[in-house]
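I opened this entry to keep track of what I looked up in one model. The sequence and the structure go in first.

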Amino acid sequence: MSQASFLAHLSRHDQAGYYSASTSNLNQMKQERSPSIITSNSNQMKQERSWGRKPLALFRRRLNSDSRPALPPPAFALDVFDKSQPIFNVAEIKSQANNIQSDPHTTDLAPRITCFYNKPVELIRKEEYPHMNQGTYLDHSGTTIYARTLITRFSTLLLTNLYGNPHSANAPADLSGAMVDAVRLETLRFLGADPAHYDLVFTANATAAIKMVGDAFRDLAEQTRTGRFWLGLFAYPGQSNLTGRRLPLEWAGRLRSSRDPLLRDTYTLLDAAALAMTSPMGRVFADPETAPDFVCVSFYKIFGFPDLGGLVVRKESGHILALRKYFGGGTVEMVSTIGKAWHLSKGLQNAAANRGDGKGHGGGSLHEGLEDGTLPFHSILALGEAINVHAELYGSMENISAHTNMLVRRLYNGMRQLRYGDGRPLCKVYEEEEDGRGTAFGDSKRQGATVAFNVYRPDGGFEPHQLEL
């Protein structure tokens, strides 16, 4: 009989008190699924180009040899958490807040309650998330819920302004172009990425961002005579979708500073789609010398809306992406079809300028050569409002991290204490043990707001995936 395994993923909208992993709606739950592949659109053209004057050896550097991502424990994952249970009385929360420590990195599993935002959670839910009362939402790891204020403000902007195609030359187009530039900088600041060292490329989602990086490395290999030029890419997730385990952010810096010649040509790609949902990203981008070369995010996982992703590129590494073969409207300076097809990418010119002083400082923007065709400027407009509303409701990602860390700590502690009448455990919680460090639950550097677990039957076996209720 197949095993039953459930994944409880906690968001900032969850109540700070009672938990239940409901099995009444198991048919509504879904397994983790592989991301779909985003293909290039019809106005993208594949061009052959000569690399005779661009030595690929310029892209080499030294990297580390002893970093490998840890594998999560085997389990069959489903997204489960029930928001239908009552929450704590607001007065009770406030009365205890001053007597409680809320260090997000503590490993103390004692139950704690505190206020994390300007308003109590139950009031935020009532005012901003009335649509959650339609049922139990089980997929916060897929996307979180959008706030009502975000939708109303976005609608007001659309109804009171005229936004045009940023590639055109008219007043509405100028308005859109200025808006896109402003939101791009605002998003980098939200993520804690200094615009002097990083650029943001808007994509459909995190998968499209990963594909952009992968395609660039494949194209470079194809341009060599043997097709075997070594330019490595080390990619790993910041947080496991299955167990919530957070992998070390230091790996990128260790690779870049290594003197091992075998790995000197390796770049790093951090998939932060899950990590960014409940964790501040400032630690990822704090030091450009140790930060990943490429970081992908999904903004709908953070804000619920808009449906938009992004790729944060370390400017010192952006030249790799600028050498891709594909291009779309607005990303090239010129195209030639005389003899062998050839084009001059805006991104390649700007990447060279950004590497001019060796520190990523320079004119031009890498994203100009990577965002094919017309940008989803209405979605980018919504992203700007999402960041503003998010700050008003929650203050900062540090607050959300502390809140969800407290929730998952209490959930883990409570589940471990669930017993049958004869003393046998009710749940098997999957976690990765570390010698001498104890559980990762309660330490936001090592564990996200996710719990993967099996439910035991009274006879000691596991409950099956399909339950007859």
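My notes follow, from the whole chain down to single residues.

**Ground rules.** I am working from a predicted model, in which local features need pLDDT of at least 70 and side-chain atom pairs count only at pLDDT 80 or more, while totals for chains, interfaces and linings use all residues. Residues are numbered from 1 along each chain as its sequence is written, and side-chain values use heavy atoms, with hydrogens and water left out.

**Whole protein.** I counted secondary structure and found 13 helices and twelve strands. These are DSSP runs numbered from the N terminus (helices: H or I, at least four residues; strands: E, at least two). Of the 469 residues, 53% count as buried. Buried means under 20% relative accessible area, exposed means over 50%, and partly exposed lies in between, with a 1.4 Å probe and protein chains only. I noted an accessible surface of about 21500 Å², 52% of it belonging to carbon and sulfur atoms. That area comes from the Shrake-Rupley method with a 1.4 Å probe; for residues, only the protein chains shown count as cover. Among contacts with a separation of 6 or more, 76% come from residues 24 or more positions apart; contact means heavy atoms within 4.5 Å.

I traced an open sheet of five strands in the order 3-7-6-5-4, with mixed pairing. The twist averages 20 degrees from one strand to the next. Two strands pair if DSSP finds at least two bridges between them.

I then went through the pairs:
- Strand 3 and strand 7 (309–314) are antiparallel over six bridges, and aspartate 199 stands opposite valine 313 in strand 7.
- Strand 6 and strand 7 are antiparallel over five bridges, with serine 298 opposite glycine 309 in strand 7.
- Strand 5 and strand 6 are parallel over three bridges, with leucine 269 opposite phenylalanine 294 in strand 6.

**Strand 6.** Five of its five residues are buried. Phe294, Cys296 and Ser298 point one way, and Val295 and Val297 the other way. As a reminder to myself, side chains in a regular strand alternate between the two faces of the sheet.

**Helices on the sheet.** I checked what lies across the strands. Helix 5 (206–222) lies across strands 3, 4, 5, 6 and 7, at about 155 degrees to strand 6. Axes are lines fitted to C-alpha atoms, for helices over the stretch in contact, and angles run from 0 to 180 degrees between N-to-C directions.

**Helix 2.** Which residues of helix 2 (121–128) are buried? I listed Val121, Ile124, Arg125 and Glu128. They sit on the same side of helix 2 because they cover an arc of only 100 degrees around the axis; the arc is that of the directions from the helix axis to the C-beta atoms. Their cover includes helix 3 (148–160), helix 12 (377–394) and helix 13 (397–417).

**Two single residues.** Serine 240 is in the loop between strand 4 (232–237) and helix 6 (251–257). Serine 240 counts as buried because its relative accessibility is 13%. Alanine 391 lies in helix 12 and counts as partly exposed, at 40% relative accessibility. I also noted that the C-alpha atoms of alanine 391 and phenylalanine 190 are separated by 9.5 Å, the two residues being 201 residues apart along the chain.
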